[in-house]
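Student: This one is new to me. Please walk me through it, a piece at a time.

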Amino acid sequence: MSADVLVVGYGPVGQVLSIMLARQGWSVTVVERWENPYPMPRATVFDGETARTLACLGLDSAFAGIGEPVDAYDWRNAAGRTLLRMDFAPVGASGWPDATAFHQPALEAALAARATELQERGLLRVLRGHAAEAVTESADGGVTLAAVTADGERVTLDGSWLVGCDGANSVVRGWLGGDVTDLGFSHDWLLCDVVLDRPRVFEPANAQLCDPVRPTTVVGSGPGRRRWEFMRLPGETVEELDRPETAWQLLGRSGVTPQDATLARHTVYTFQAAVADTWRRGRLLLAGDAAHSMPPFAGAGMCSGIRDALNLSWKLDRVLRGDSDERLLDTYEAERRSHVLRTIELSVQLGRIVCVTDEEEAARRDAALLAGRTPGRPLAQPLREGLLHRTVGTVAALPTGALVPQGRVARDRETGLFDQVVGTGFVFLTTEDPAGVLTAEQTAFLTAIGAHVVRVVAEDSDSAGQASGEVVDLDKVYLPFLAAARARFALVRPDFHVFGVGRNTRELTMLLAELKAGLAARVPEPEVDHPSRH
Ligand SMILES: Cc1cc2nc3c(=O)[nH]c(=O)nc-3n(C[C@H](O)[C@H](O)[C@H](O)COP(=O)(O)OP(=O)(O)OC[C@H]3O[C@@H](n4cnc5c(N)ncnc54)[C@H](O)[C@@H]3O)c2cc1C
């Protein structure tokens, strides 16, 4: 049995990617080395953009059991003074909490449950207890994967594409042949995952304690759970640190003892910043930790991997359909690499704040931060290159590449968040009647790429919601967004990034022509120009 896509690794990124592809109707086979899901968390927080992606997969109903919104992330010095504070909105620009503290095994279980229906429909096959061993690519463009089970049985699987979501020690990355660039930031930290016997309030709830005596992270990690992380000090060995007695002694400083909590696990992780040099070779691709790893201080490693999955899934879908040629997949690495490099840079900047064990250096750091020299925020980074509207070779100014905000809308009798009411995929937003704006050819192009053509109207306008299909901007998100860009139209990609905006029909024609060329799509040509509508 040949699959359209073979996925190696069923961590969160492999899960999200395979669900996305199977939902689009492609047959996906996953091989996962372990028989059972990994029972311990690594990630503890996801951002609003990731929540939006997960909600589009139908996981929103599971959110309350998986996690709880985070309101702030405090960076304090040894004296308890706030050096840096990141406030998070309960409903952020993506329509979901800016940050959610969560239990990773619960998220993976919810994804596995979501996958069950796709497995029952025969679209998704998950082969647990199968370790990928080798790959061969055939002349006719197929891929054959060899895997071995725990009892030594060898199986071969055929597919059209193979994506390695097999984590930081990826074997698929080795098959692609590129190196990994070490971005030069590495420290050992002791992780302690704690289950509290009863609810307790910690102040601050989520913090980096930038105390050079023992840099410490304290965060929520889903209902009833918390994570403490303690940096290994110069001269201290991993063996000394990675002991239950050491864990309890360090936890005791936060008032957590074996009498009121269970230490679910303790382990020492080496945080690293690294990126693979090659994310695609022929029909082999990488996503998630297989392509990049970063220190956890921005809470963005898994979120970056889920962004990879979203970016790759709509492009693979088009290529598999024959609507785009393979060149579209080259934009995957171009877009995601630069985005992830900026995310890693930010994680390292944040890491350099907390990973300080020298008192004088810590004093200089405190002075600089208190003087306002702070790094940016990890939220909502735009795309800056790739398949985006260009003006004379360079990507146009924002909002091109930015994430389109999400708010509640009403259409016909339905009310809810835009993605749930309108749907996902390409979106063409306009303040006007699309029939008066788009030519027949342009409408055909948008139809061919599966775009939702949406006229947005204000709730208090006379005709609000009267015309069938009109979308009422209940949260006043879309009309102010277009007004701020001084735009009449916006084209949004399936991964929520704005392809471009236009102020007149000439710009609209350019936008559509550029999108068509970029998609290398076998769909009707949009008109070159439409002089009567300037
Ligand atoms: C301490 C810590 C804190 C973190 N905090 C955050 C956070 O708050 N927010 C955030 O977004 N990220 C965070 N991260 C990062 C996040 O955990 C990872 O980025 C994420 O888990 C990576 O997911 P993945 O699916 O790419 O890889 P993995 O989760 O590593 O999954 C890879 C899978 O591939 C399988 N596999 C490997 N080799 C083979 C093979 N040969 N054949 C078959 N299967 C194979 C593995 O068994 C595994 O199941 C943190 C990481 C750490 C360590």
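Tutor: A naming rule comes before anything else: helices (H or I, at least four residues) and strands (E, at least two) are runs assigned by DSSP, numbered from the N terminus. Also keep in mind that this is a predicted model.

Student: Fine. Where is Pro204, then?

Tutor: Pro204 sits in the loop between S13 and strand S14 (207-210).

Student: What is the peptide bond from Glu203 to Pro204 like, cis or trans?

Tutor: That bond is cis, and its omega is near -5 degrees. A cis bond also leads from Leu398 to Pro399, with omega near 15 degrees. Pro399 belongs to the loop between strand S23 (394-395) and strand S24 (408-411).

Student: Back to S13. Which strand do seven bridges join it to?

Tutor: Strand S13 (residues 187-196) is joined by seven bridges to S16, and the two run antiparallel. Within that pairing, Val194 is opposite Arg226 of S16.

Student: And how many bridges join S15 to S16?

Tutor: Five bridges connect strand S15 (residues 216-220) with S16, again antiparallel. Here Val219 faces Arg227 of S16. S15 and S16 form a hairpin with four residues between the strands, and Gly222 in that hairpin has a positive phi near 100 degrees.

Student: Is S16 buried or exposed?

Tutor: Seven of the seven residues of strand S16 (residues 225-231) are buried, so S16 is largely enclosed by the rest of the structure.

Student: Which residues are on which side of S16?

Tutor: Arg225, Arg227, Glu229 and Met231 are on one side, and Arg226, Trp228 and Phe230 are on the other. Both faces are covered, with all of these residues buried.

Student: New topic. What about strand S7?

Tutor: In strand S7 (residues 99-102), Ala99 and Ala101 point one way, while Thr100 and Phe102 point the other way; all are buried. Strand S3 (residues 45-47) runs antiparallel to S7, and three bridges join them. Phe46 is the residue opposite Thr100. Strand S4 (residues 67-69) also pairs with S7 in the antiparallel sense, over three bridges. In that pairing Gly67 is opposite Phe102.

Student: What is the order of the open sheet of three strands?

Tutor: The order is S12-S18-S21, and the pairing is antiparallel. Its edge strands, each pairing on one side only, are strand S12 (180-182) and strand S21 (292-293). S12 and strand S18 (residues 274-276) are joined by three bridges. Val180 has Ala276 in S18 as its bridge partner.

Student: Which helix lies across S18 and S21?

Tutor: Helix H9 (residues 330-354) lies across them, running at about 170 degrees to S18.

Student: Now two helices. How do the axes of H2 and H8 cross?

Tutor: The axes of helix H2 (residues 48-56) and helix H8 (residues 301-321) come within 10 Å and cross at roughly 45 degrees. H2 and H8 are therefore oblique to each other. Their crossing is left-handed.

Student: Which residues make the contact?

Tutor: H2 contributes Glu49, Thr50 and Thr53, and H8 contributes Cys303, Ile306 and Leu310. The residues of this contact of H2 with H8 are three nonpolar, two polar and one charged.

Student: Next, Arg265. Where is it found?

Tutor: Arg265 is in strand S17 (residues 261-271). Arg265 counts as partly exposed because it has 14 C-beta neighbours inside 10 Å.

Student: Leaving aside neighbours within four places in sequence, what is Arg265 in contact with?

Tutor: With those set aside, Arg265 is in contact with Met40 and Asp193. Arg265 and Met40 are 225 residues apart in sequence, yet 7.8 Å apart in space, C-alpha to C-alpha.

Student: Last one. Which residue has a positive phi although it is not a glycine?

Tutor: Asp412 has one, of about 50 degrees. Asp412 is located in the loop between S24 and strand S25 (414-417). Asp412 counts as exposed because it has 11 C-beta neighbours inside 10 Å. Lys476 is not a glycine either, and has a positive phi of about 50 degrees. Lys476 is in the loop between strand S28 (471-473) and helix H14 (478-484). Because Lys476 has 13 C-beta neighbours inside 10 Å, Lys476 counts as partly exposed.

Terms used. Residues are numbered from 1 along each chain as its sequence is written. This is a predicted model: local features need pLDDT of at least 70, side-chain atom pairs count only at pLDDT 80 or more; totals for chains, interfaces and linings use all residues. Two strands pair if DSSP finds at least two bridges between them. Two residues are in contact if their C-beta atoms, placed from the backbone, lie within 7 Å. Axes are lines fitted to C-alpha atoms, for helices over the stretch in contact, and angles run from 0 to 180 degrees between N-to-C directions. Angles under 35 degrees count as roughly parallel, over 145 as roughly antiparallel, 65 to 115 as roughly perpendicular and the rest as oblique. A crossing is left-handed if the near helix is turned anticlockwise from the far one by less than a right angle, and right-handed if clockwise. Ala, Val, Leu, Ile, Met, Phe, Trp, Tyr, Cys and Pro count as nonpolar, Asp, Glu, Lys and Arg as charged, and the others, Gly among them, as polar. A residue is buried if 20 or more other C-beta atoms lie within 10 Å of its own, exposed if 12 or fewer, and partly exposed in between; C-beta atoms are placed from the backbone.
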